[in-house]
Structure formats: C-alpha cells, structure tokens
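This report goes through one protein structure, part by part. Please look at the sequence and the model before reading on.

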Amino acid sequence: MAVIALAGSSGAPGVTTSALALLLSWPLQAGRRMILAECDPDGGAVLHGLLQGTLGDRYGLRNLSVAARKGEFSEAFWRQLIDLSGEDGEPVSSRDRLLLPGITDPAQAASLDQVWKILAQMFRGIEAESGHDVLIDLGRRGACGPCGVLAEQADATFVVVRNTLRGVQAAQGRVRMLEERVGDVSVLMIGEGPYPAGEVQRVLQAPVIATLPYAPKDARVLSDGAEQPRHFIRSPLMKAAWAVSSLLLQRAAVRRARLDPRGLRTAGGEVTHAG
C-alpha cells in the first residue's frame, strides 16, 4: 500500500496520461482499491479528455471546499469519485479503480488552500486503514504552494520526464525544487527521445526508476478519449504500466522504511514517539 505523487514540468511531459495508464493497469489484490486524484492547480484533464465531457462537471475536487467548511469532507470525498473499473470493456464494474477529477478552472484553486492538507491526511488514512493505493497527479506545478503538502506526505514523488533535450532541460529545475521541498525524488521516464536512462539520471542527479514507452496512439485513448481498440489493456503502453507499477511500489516501500523505520507515522502524516 502506498501514496505516490507524480509531477511534471513545462512542455506537457505526460503526467496525466501516465497516471491513467497506471490506474487502469495497477495490479490489485481482492478487496483493494486504486484511487487517482487529479490535484493539478492548473486544472484537471480527465473529465474532458478520456471521459469526453459525458459526466459534465458534477464530480470533482472543486466540490470538496464547501464540504470541508461544513465538516462533511470524508463523506463528500467518496461521493466525488468516478468509477473507471470497466474502461476496457469489462462487463461488470468492481469500483476498484477510482478517479477524483480535478478542478475545471484554475481560478477554483484559490478556494482549495485548506483542502490540500485535509486531502493529504485523507490519503494517508485511506492507505493505512483501508489498504488502498493512492496516486496523486500534481501536474506541472502542483508541488508548489499550498498543494505541495500532498507531495510532502506521499511515500514517494516521481517526476515524469521525456528523454528529449527539451524534456530533460525542463525537468532540471523541477527536480531541484521538489528535492528542496520533499527530499529525494525519482524519475519516471517516457522513452520518446534518444537519451538513455543513465544519461538522464546523470543530468538530473535523480534515479530513473522506470520507463514507459512513447506510444502516441495508445496515449490518445487516455489523454483525448480516442476510440479504444479491443484489448487495450494489453497494448504496449498498458503492459509497460503494469510492470512499472511494481517498481513504483518498491521505491515507495524503500523510501518509507528509510524515513520511518519503526512505522511510527500516523495516518495524518505525523510521527509519534514511543515511551
């Protein structure tokens, strides 16, 4: 079980597409859930991308600010989740792959300053008490400002980087900024360009933990709601995402053990003291 944050940089490196691929391919044991939360202060993309506006704007992060003021945050959180369990044509939806859509207008981010901390605590509680994994899409600047608490409280934070010259250069400042805020970060590489993982790792001074293939046709299904081919879950992108998920979980477990060797962190992210 883990809380994992994905962040990007300028140039649209593919954070949301990668997060969706992971959500839909994440290996789950019976009774476990995977939750993807769009927490990009610039606005979410799934409602009008993958879902093509079919659900309107009825669900999502923007509804939680009112609930927080009323003391109804926990109940409201579960009502805002959209079930994506049957996205590969499965006949029965099991509600084990859930999406919290992001805001639809960047102006809405101003009303969420207090929500980010509550969300971070909620994610820790879900992970600790229910055994669910949580994936947080922070977008290109989501670890800055008040919503940076989500990265601080995550078990591991990964910067999504395309291995092109432009992608690696854009990621340098982002990696440094995140390291200052959350400590060590890792890289999830998108294999679009010519630079091998070792070179990207050397330039960014951050470990490349895993690589997803550059697969524009598959990616458009997730980013823009393009027609989904039959057995999409077995496409190169989705098969790679399934393998990558295990690597991300391993990294999160190692980092958690190093930072909290006695398992003293509470669901709220704080550390208790024995004796």
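Eight strands form an open sheet in the order 3-4-2-5-1-6-7-8, with mixed pairing. Strand 3 (82-83) and strand 8 (208-213) are at the edges with a single partner strand each, so one side of each has no neighbour in the sheet. Helices (H or I, at least four residues) and strands (E, at least two) are DSSP runs, numbered from the N terminus. Two strands count as paired if DSSP finds at least two bridges between them. Strands of a sheet pair through backbone hydrogen bonds, either parallel or antiparallel.

This is a predicted model, in which local features need pLDDT of at least 70 and side-chain atom pairs count only at pLDDT 80 or more, while totals for chains, interfaces and linings use all residues. Residues are numbered from 1 along each chain as its sequence is written, and side-chain values use heavy atoms, with hydrogens and water left out.

## Strand 4 and its partners

Strand 2 (residues 34-38) and strand 4 (residues 97-100) are parallel and share four bridges. Ile35 has Leu98 of strand 4 as its bridge partner. Strand 3 and strand 4 are antiparallel, with two bridges, and here Asp83 stands opposite Leu98.

In a regular strand the side chains alternate between the two faces of the sheet. In strand 4, Arg97 and Leu99 point one way, Leu98 and Leu100 point the other way, and all are buried. Buried means under 20% relative accessible area, exposed means over 50%, and partly exposed lies in between (1.4 Å probe, protein chains only).

## Strands 6 and 7, and helix 9

Strand 6 (residues 156-162) runs parallel to strand 7 (residues 186-191), and five bridges join them. Within this pair, Val160 has Leu188 of strand 7 as its bridge partner. Helix 9 (residues 236-259) packs on the sheet and touches strand 1 (3-7), strand 5 (133-137), strand 6, strand 7 and strand 8. The direction of helix 9 makes about 165° with that of strand 8. Such axes are lines fitted to C-alpha atoms, for helices over the stretch in contact, and the angles run from 0 to 180 degrees between N-to-C directions.

## Two nonpolar cores

A nonpolar core is a set of buried Ala, Val, Leu, Ile, Met, Phe, Trp, Tyr and Cys residues joined through side-chain atoms within 4.5 Å. The largest has 48 residues, and Phe77, Leu119, Phe123 and Leu150 have the most contacts inside it. Helix 4 (residues 113-130) gives the most to this core, with seven residues. A second, separate core of 39 residues includes Ala19, Leu99, Val160 and Ala215.

What is Leu119 in contact with, leaving aside its neighbours within four places in sequence? The residues are Cys39, Leu61, Leu64, Phe73, Phe77, Leu100 and Leu150, where contact means heavy atoms within 4.5 Å.

## Cysteines

A disulfide is a covalent bond between the sulfur atoms of two cysteines. Here the rule is a pair of cysteine sulfur atoms within 2.5 Å, and the count comes to zero disulfides. Cys39 is buried, with a relative accessible area of 0%, and Cys147 is buried at 2%.

## A buried aspartate

Asp155 lies in the loop between helix 5 (149-153) and strand 6. Its relative accessibility is 2%, so Asp155 counts as buried. The side chain of Asp155 makes a polar contact with the side chain of Arg124 (3.3 Å). A polar contact is a pair of N or O atoms within 3.5 Å; within protein, one must be able to donate a hydrogen and the other to accept it, and residues adjacent in sequence count only if both atoms are side-chain atoms.
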